[in-house]
Amino acid sequence: MTYIGTPRSRVDGRAKVTGAARYAGEFTAPDLAHGYVVSGAIARGRVLAVEAGAARAMPGVLAVLTHENRPDTARLSSSYRDEVAPPGSPLRPLYNNRIQHSGQPVALVVAEDFETARDAASLIRVVYEAEPHQTDLEVQRHKAYVPPRKRTGISPPPNPRGDADAALAAAPVTVEHEYRIAFEHHNPMEPHATTVIWEGGGRLTVHDKTQGAQNSQSYVTNVFGLSQDMVLVVSPYVGGAFGSGLRPQYQLHLAVMAALALKRSVRVSLTRDQMFTFGYRPATINHVALGADRDGGLQAVKHAVVANTSTYEDYQEVVANWSGLAYACENVDLQYRLAQTDLHTPLDMRAPGAPLGMFALESAMDELAHALRMDPLALRLRNYAETDGNTGKPFTSKALREAYRLGAERFGWSRRSLAPRSMREGRELIGWGMATGLWEASVEKTSARATLLLDGRLEVATATADIGTGTYTILAQIAAETMDLPMEQVTARIGDSSLPASPVQGGSWTAASAGSAVQTACHKLREELFNHARRMEGSPLANADLQHVVFSQGRIALHSDPARAVSYADAMRAAGLQKLEVEETAQPDPKVQQEYSSYTHAAVFAEVRVDEELGTVRVTRIVDAVAAGRIINPKTARSQIIGGVVFGIGMALTEETMADHALGRFMNHNLAEYHVPVNADVPEIEVIFVEEQEDKANPLGVKGLGEIGVVGTAGAIANAIFHATGRRVRDLPITIDRMIG
């Protein structure tokens with residue numbers, strides 16, 4: 001039975017469209033109380049008093065928790081560090097009276113129902129002592145510093161190679177500019193919520209919006225001093241996250257705190273406004289300088305980045321490094337620094353770092369092509385990198401050249417005129433732009449369990465999550481094909497802290513990591529089945545080895561004589577088993593990691609139309625050619641790329657969280673004023689999966705898809721706008737004021 005590589009509808013689709021799928025804020029209990037967060041109003045300072053008498057007196061109010069009356073929590077800052085925390089001291093909600101950013105929770109009202117909690121919260125008055133704050137990266141950039149690398153897992157920029165300054169000075173053609181990207185917030189459809197069910201005896205079942213049930217469980221046990229067997233975290237469905245669920249957000253902390261204080265079930269849901277009070281994509285300033293000879297060969301690449309972080313954690317991303325591996329160049333100097341701001345710590349947002357750095361690099365490459373009077377695609381092919389310039393290692397696989405060819409052919413790139421403002425229709429200027437996308441193809445240590453029942457049903461289980469990517473479906477496909485069972489007989493269980501260990505779902509590593517773990521467990525299951533079948537009295541497989549048999553349609557048969565076979569069920573009955581269960585762990589091959597670099601690649605081509613009089617921009621067509629190894633499910637894979645491209649459209653044209661630096665807070669904290677792309681903004685998006693043979697990165701030969709779609713999209717759109725208008729906009733998003741200003 002062939003399932004891997006075939007388009008399959010989501011196995012969880014029916015549950016989602018019928019409402020049977022329940023999310024973190026939808027679970028309930030007979031004694032469920034509701035919490036409402038009171039958000040702080042200053043960016044820096046102290047809480048002098050919380051006047052909560054009127055709120056506590058309201059009928060139905062159960063408690064008002066503040067820093068003065070909260071239950072005890074861990075005193076060490078290290079206890080609040082989660083699996084993906086950056087260096088520093090994480091935010092500790094209601095721990096003391098210090099205010100570190102605007103919107104920080106200062107109180108939690110708990111009542112019998114949500115409406116009462118919300119109404120009572122409006123009666124609370126907080127007295128502050130404000131201190132001077134600074135939230136403007138432009139002001140803070142002169143204080144930027146090289147961050148510590150301890151415990152980050154983030155690759156710092158490599159040491160300079162060659163002499164970039166001398167090569168730049170000697171290059172006959174150069175470009176040098178700054179490129180800025182604004183704050184962005186994730187804005188998943190499902191707001192963050194946590195429902196804590198008090199099970200009695202102090203046991204908690206926690207329904208949390210999270211990309212890592214075990215990460216949330218570890219946080220709760222460490223912060224509140226609970227044993228692991230007292231806390232179960234369950235998150236079967238996540239209504240989008242894009243990285244916002246990687247770290248435990250403060251509603252988890254507050255919901256558990258309230259449940260422990262009241263000894264009853266509590267739900268805390270954040271409002272859409274409050275979704276803007278925690279992590280975000282950091283504001284970034286990129287200084288890029290490129291030098292080339294007259295035929296376009298790169299002689300020098302310099303890329304220096306300043307990004308914002310909070311005052312209490314050194315949040316880091318890989319931003320500049322892409323400029324050292326995207327193209328071949330012998331003289332490269334990359335830098336990355338942080339500047340502290342009085343804002344919440346930034347947070348990984350779909351393809352953290354890559355869309356920022358690649359927008360700057362790809363814009364600069366387009367500017368270099370214009371200066372050379374050279375086709376932008378030809379420039380990229382002229383500098384095609386056969387190896388990873390940062391490490392000197394070959395790639396496990398790289399089909400980017402073919403992605404360029406197929407994408408350009410489908411888009412019609414050969415019909416593009418070279419000069420800006422040379423293509424129009426009526427009052428609209430037409431522009432064609434392109435850019436390269438890269439994202440790392442990594443594998444993380446992951447365990448999975450496979451359980452075969454006597455009736456032929458198979459369950460595979462691992463603690464990873466499905467944030468809309470199709471994890472349930474691809475794990476079922478992998479298991480069904482490995483065991484040669486109908487997909488209808490396979491169930492995938494995920495999103496549960498009691499399941500075999502898995503890292504957070506992020507980094508586009510889930511298909512490769514959880515998929516490999518499931519495949520490994522199923523291979524072990526096959527081995528166990530074969531051993532039982534061979535030991536049966538009179539077994540036709542008694543003298544066979546594992547390599548001499550085939551597993552097909554619930555039977556183990558000899559390759560040489562398929563009629564000589566034992567069914568899975570008969571092998572289990574003979575061993576006296578009602579079920580057969582194995583657990584295995586998959587992890588990256590250290591030799592491959594040492595000798596190779598592994599990346600997913602993409603070539604993005606975009607068409608825009610710009611109203612010459614109004615300055616309005618419409619993206620009318622995008623072709624994204626992706627080289628990502630083996631594609632497990634073309635149907636869900638295409639959805640992932642389309643979603644990433646839409647993310648990139650928002651980054652390029654609409655999404656900007658605007659800060660009032662006088663107040664030190666984000667102002668457009670709702671979906672009326674923070675503009676995510678809607679149907680009218682999204683054009684025809686064509687996705688091409690390039691055939692790429694990947695035989696080193698992982699046993700499945702797959703590379704992640706959740707993030708590559710966004711990388712390169714903003715650069716392609718910005719380059720298309722320049723081609724249409726002759727106006728280079730180097731700050732994202734490219735809004736009307738920047739088009740006509």
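# Close-up views of a predicted model

**Figure 1. Lining of the second largest pocket.** Strands β1 (33-39), β6 (125-130) and β27 (665-666), together with helix α3 (114-121), each supply at least two residues of the lining of the second largest pocket. The structure shown here and in the other views is a predicted model. Which element gives the largest share of this lining? It is β1, with four residues. The pocket holds about 560 Å³ of space. In total, 28 residues line the pocket, and Val38, Ser39, Gly40, Gly103 and Thr277 are those nearest its centre. Sorted by class, the lining has 13 nonpolar, twelve polar and three charged residues.

Figure 2. Rolling a probe the size of a water molecule over the atoms shows where empty space is left. How many cavities of 30 Å³ or more does a search of the whole structure find? The search finds three. The largest cavity has a volume of about 200 Å³. Its lining is made up of 17 residues, with Leu91, Arg247, Pro248, Gln249 and His344 lying nearest the centre. Ten residues of this lining are nonpolar, four are polar and three are charged.

**Figure 3. The second largest cavity.** This cavity contains about 60 Å³ of space. The residues that line the second largest cavity are Val47, His67, Leu94, Tyr95, Asn96, Asn97, Arg98, Ile99, Gln104, Pro105 and Val106. The lining divides into six nonpolar residues, four polar residues and one charged residue.

**Figure 4. Packing of helices α9 and α17.** Helix α9 (residues 354-372) packs against helix α17 (residues 713-725) at an angle of about 30°, and their axes are 8 Å apart. Angles under 35 degrees count as roughly parallel, and α9 and α17 are therefore roughly parallel to each other. The crossing of α9 past α17 is right-handed. On the α9 side, the contact is made by Phe359, Glu362, Ser363, Asp366 and His370. On the α17 side, Ala714, Gly715, Ala718, Asn719 and Phe722 take part. Four of the residues in this contact of α9 with α17 are nonpolar, four are polar and two are charged.

**Figure 5. Packing of helices α12 and α13.** The axes of helix α12 (residues 471-483) and helix α13 (residues 510-534) cross at roughly 30° and come within 9 Å. That angle makes α12 roughly parallel to α13. The two helices, α12 and α13, have a right-handed crossing. From α12, the residues in contact are Thr471, Ile474, Leu475, Ile478, Ala479, Thr482 and Met483. They meet Thr510, Ala511, Ala514, Gly515, Val518, Gln519, Cys522, His523, Leu525, Arg526 and Leu529 in α13. By class, the contact of α12 with α13 has eleven nonpolar residues, six polar residues and one charged residue.

Figure 6. Most residues other than glycine have a negative phi, and most peptide bonds are trans. Ala351 is not a glycine, yet has a positive phi of about 60°. Ala351 lies in the loop between β14 (332-340) and α9. Is the peptide bond from Leu732 to Pro733 cis or trans? The bond is cis, with omega near 0°. Pro733 is found in the loop between β29 (731-732) and α18 (736-740).

Definitions and conventions: Residues are numbered from 1 along each chain as its sequence is written. This is a predicted model: local features need pLDDT of at least 70, side-chain atom pairs count only at pLDDT 80 or more; totals for chains, interfaces and linings use all residues. Side-chain values use heavy atoms; hydrogens and water are left out. Axes are lines fitted to C-alpha atoms, for helices over the stretch in contact, and angles run from 0 to 180 degrees between N-to-C directions. Angles under 35 degrees count as roughly parallel, over 145 as roughly antiparallel, 65 to 115 as roughly perpendicular and the rest as oblique. A crossing is left-handed if the near helix is turned anticlockwise from the far one by less than a right angle, and right-handed if clockwise. Contact means heavy atoms within 4.5 Å. Ala, Val, Leu, Ile, Met, Phe, Trp, Tyr, Cys and Pro count as nonpolar, Asp, Glu, Lys and Arg as charged, and the others, Gly among them, as polar. On a 1 Å grid over the protein atoms alone, a cavity is a set of points where a 1.4 Å probe fits but cannot get out, and a pocket is an open set with protein on both sides within 12 Å along at least five of seven lines; lining residues have an atom within 4 Å of a point. Grid points are joined across faces, edges and corners, and a volume is the space filled by probe spheres set on the points.
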